[in-house]
Amino acid sequence: MAIVWPIIQASLQAVDPRQAVHRHLQVEENRLRVGDHVYDLQQHPDRRLIAVGKAAVPMAQAAVERLGTDWTHKVVVTRRGYTASLDSQHSAALAQLIGDGVFIEAGHPIPDADSLRAGQAVVDALRGCTVETLVLTCISGGASALMVAPRPGVTLRDIQETNTRLLRSGADITQMNAMRSQLDRLKGGGLARLAQ
């Protein structure tokens with residue numbers, strides 16, 4: 001067991017969402033490096049942070065640690081019940097992280113009214129993007145249920161029923177996401193298209 005414990009610790013550290021964002025976002029001399037892409041932060045004074053998923057809070061925390069608190073828009077959406085497990089110190093840290101941004105706890109695995117509210121918050125945060133806008137998106141598992149923006153003619157109830165049937169059918173996540181992208185403006189590259 002003594003040999004296994006360090007392996008478990010190393011595995012958990014490797015998948016820690018906050019550490020993963022720290023590894024992939026580097027800021028040097030007012031330049032942001034994300035993987036192989038480099039952005040001159042002076043050319044992007046309009047910065048918008050969208051963090052959605054079960055790991056949204058630690059990912060957003062890491063993004064703010066790397067890039068500071070000067071964001072035009074901040075939307076952080078996570079699974080309902082996230083704040084229930086926080087002690088007062090962590091609640092205060094979360095409040096400071098969000099600041100004047102939007103924080104929503106929504107339904108998972110079935111979207112709910114708060115998922116709809118989250119989708120609208122993301123759509124609103126992407127309005128008015130220009131060449132000076134830098135949109136940083138941090139997406140983790142659960143994002144498809146946690147934010148929804150139905151296509152015209154599709155209701156939240158339609159999306160809920162479809163998700164329920166897909167979950168019961170045994171469809172894998174690729175099949176589920178293919179169907180979700182037909183019903184939702186943010187899925188299947190929709191978020192990126194709205195940012196353009």
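Q: Where does His 44 lie?
A: In this predicted model, His 44 lies in the loop between strand 3 (37–40) and strand 4 (46–52).

Q: Is His 44 buried or exposed?
A: The class is read from the relative accessible area, and buried means under 20%. His 44 has a relative accessible area of 12%, so the residue is buried.

Q: Which residues does His 44 touch, not counting residues up to four places away in sequence?
A: His 44 touches Tyr 39, Val 131, Glu 132, Thr 133 and Leu 134. Val 131 is 87 residues apart from His 44 in sequence, while the two C-alpha atoms are 7.7 Å apart in space. The side chain of His 44 also reaches the backbone oxygen of Val 131, at 3.5 Å.

Q: How is a buried residue in a strand described? Please take Thr 78, in strand 5.
A: One may begin with accessibility and then turn to the contacts. Thr 78 has a relative accessible area of 1% and is buried. Leaving out residues up to four places away in sequence, Thr 78 touches Gly 53, Lys 54, Ala 56, Val 57, Phe 103, Ile 104, Glu 105, Ala 106 and Leu 146.

Q: Which backbone oxygen does the side chain of Thr 78 reach?
A: The side chain of Thr 78 reaches the backbone oxygen of Gly 53, at 3.1 Å.

Q: Is Lys 187 buried or exposed?
A: Lys 187 is buried, with a relative accessible area of 10%. This lysine is found in the loop between helix 8 (173–183) and helix 9 (190–195). Apart from neighbours within four places in sequence, Lys 187 is in contact with Ser 144, Met 147, Val 148, Arg 180, Ser 181 and Arg 193.

Q: How should I read a salt bridge, and how many does the count come to?
A: Side chains of opposite charge can pair when their charged atoms come close. The cut-off is a side-chain nitrogen of Lys or Arg within 4 Å of a carboxyl oxygen of Asp or Glu. By this rule the count comes to eight salt bridges. One of them joins the side chains of Arg 80 and Asp 112, with N and O 2.5 Å apart. The pair links distant parts of the chain, 32 residues apart: Arg 80 is in the loop between strand 5 (73–79) and helix 4 (88–98), and Asp 112 is in the loop between strand 6 (102–106) and helix 5 (113–126).

Q: With which residue does Arg 80 form a salt bridge whose closest N and O atoms are 2.4 Å apart?
A: That partner is Asp 114. Asp 114 is in helix 5, 34 residues apart from Arg 80, and the pair again links distant parts of the chain. Asp 114 counts as partly exposed, at 24% relative accessibility.

Q: Which residues do salt bridges that share partners join into one network?
A: The network consists of Arg 80, Asp 112, Asp 114 and Arg 117.

Q: How is the packing of two helices described? Please take helix 2 and helix 3.
A: One gives the angle, the distance between the axes and the handedness. Helix 2 (residues 17–24) and helix 3 (residues 56–67) pack at an angle of about 35 degrees, and their axes are 7 Å apart. Their crossing is right-handed. Pro 17, Arg 18, Val 21 and His 22 in helix 2 meet Pro 58, Met 59, Gln 61, Ala 62, Ala 63, Glu 65 and Arg 66 in helix 3. By class, this contact has six nonpolar, two polar and three charged residues.

Q: Finally, which backbone angles deserve a look?
A: His 108 and Pro 109 are joined by a cis peptide bond, with omega about 10 degrees. Pro 109 is found in the loop between strand 6 and helix 5. Glu 29, a residue other than glycine, has a positive phi, near 50 degrees.

Notes
Residues numbered from 1 in each chain as written. Predicted model: local features only at pLDDT ≥ 70, side-chain atom pairs only at ≥ 80, totals over all residues. Heavy atoms only, no water. Axes fitted to C-alpha atoms, helices over the stretch in contact; angles between N-to-C directions. Helix = DSSP H or I, 4+ residues; strand = E, 2+ residues; numbered from the N terminus. Left-handed = near helix turned anticlockwise from the far one by under 90°. Contact = heavy atoms within 4.5 Å. Nonpolar A, V, L, I, M, F, W, Y, C, P; charged D, E, K, R; others polar. Buried < 20%, exposed > 50% of the residue type's maximum accessible area, 1.4 Å probe, protein only. Polar contact = N/O pair within 3.5 Å; in protein donor to acceptor, adjacent residues only side chain to side chain.
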